[in-house]
Amino acid sequence: MRNLSFFCDRFSEGAELRVVCWLEIRGKIHCKMLSQNSTYTAYIVFKISDESYGLDSPLQEAAVIIGENKFTRQVCLQGHENEGEDEEEVPQNYRSLMVPAIRRRLRRRNRPMPPGVIVPKKRADGWMEMEMGEFKNEEGEDGEVSISLMETRGGNWKKGLILQGIEIRAKK
């Protein structure tokens with residue numbers, strides 16, 4: 001079985017989202033590049049800059065499409081898992097002195113995530129990854145797998161996503 005990365009090893013730097021109100025990340029791979037009768041999982045690999053905002057609300061939609069099969073789920077790029085592990089708790093009377101990015105992070109940690117929303121996990125290499133969905137490459141597929149991450153309905157401004165790429169891994 002093959003594991004593939006879109007973009008991940010080709011560039012020394014990731015693409016950084018500046019200030020936008022429309023988020024649309026798409027990737028495609030031909031089914032013939034994947035092992036037949038194998039199940040794969042697609043992940044987005046990224047970092048969040050200290051000056052980020054707007055990536056936690058509204059939620060994003062991840063989609064994986066192969067042939068007639070479409071798998072979608074709600075995800076949150078600025079999720080809660082592993083966030084703030086290295087941060088100490090800040091006393092309430094010092095919070096007004098903190099930079100806005102740190103105050104936003106503390107507010108996010110205290111806000112519950114809706115059930116079923118997928119959040120990112122920190123990797124050993126310092127990047128974050130979030131599972132976008134899985135798919136099975138059936139025998140004889142002669143098409144493409146399309147993978148997307150989108151938030152286009154809210155119109156809210158977003159900043160600070162540093163994208164390394166999309167990874168496709170054989171499911172174990």
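Phe46 stands opposite Leu163 in strand E10. The model is predicted, so to speak of local features takes pLDDT of at least 70, side-chain atom pairs count only at pLDDT 80 or more, and totals for chains, interfaces and linings use all residues. Residues are numbered from 1 along each chain as its sequence is written, and side-chain values use heavy atoms, without hydrogens or water.

Strands (E, at least two residues) are DSSP runs, numbered from the N terminus. Two of them pair if DSSP finds at least two bridges between them.

E10 covers residues 159-170. Nine of its 12 residues are buried, so E10 is largely enclosed by the rest of the structure. Buried means under 20% relative accessible area, exposed means over 50%, and partly exposed lies in between (1.4 Å probe, protein chains only).

| Partner of E10 | Residues | Sense | Bridges |
|---|---|---|---|
| E2 | residues 15-16 | antiparallel | two bridges |
| E4 | residues 38-53 | antiparallel | 10 bridges |

Next, the loops on either side of E4. Asn37 sits in the loop between strand E3 (23-30) and E4. Its phi is near 55°, a positive value in a residue other than glycine. Asn37 has 42% relative accessibility, so it counts as partly exposed.

Pro58 lies in the loop between E4 and strand E5 (60-66). The peptide bond from Ser57 to Pro58 is cis. Omega there is near -5°.

Notes: Helix = DSSP H or I, 4+ residues; strand = E, 2+ residues; numbered from the N terminus.
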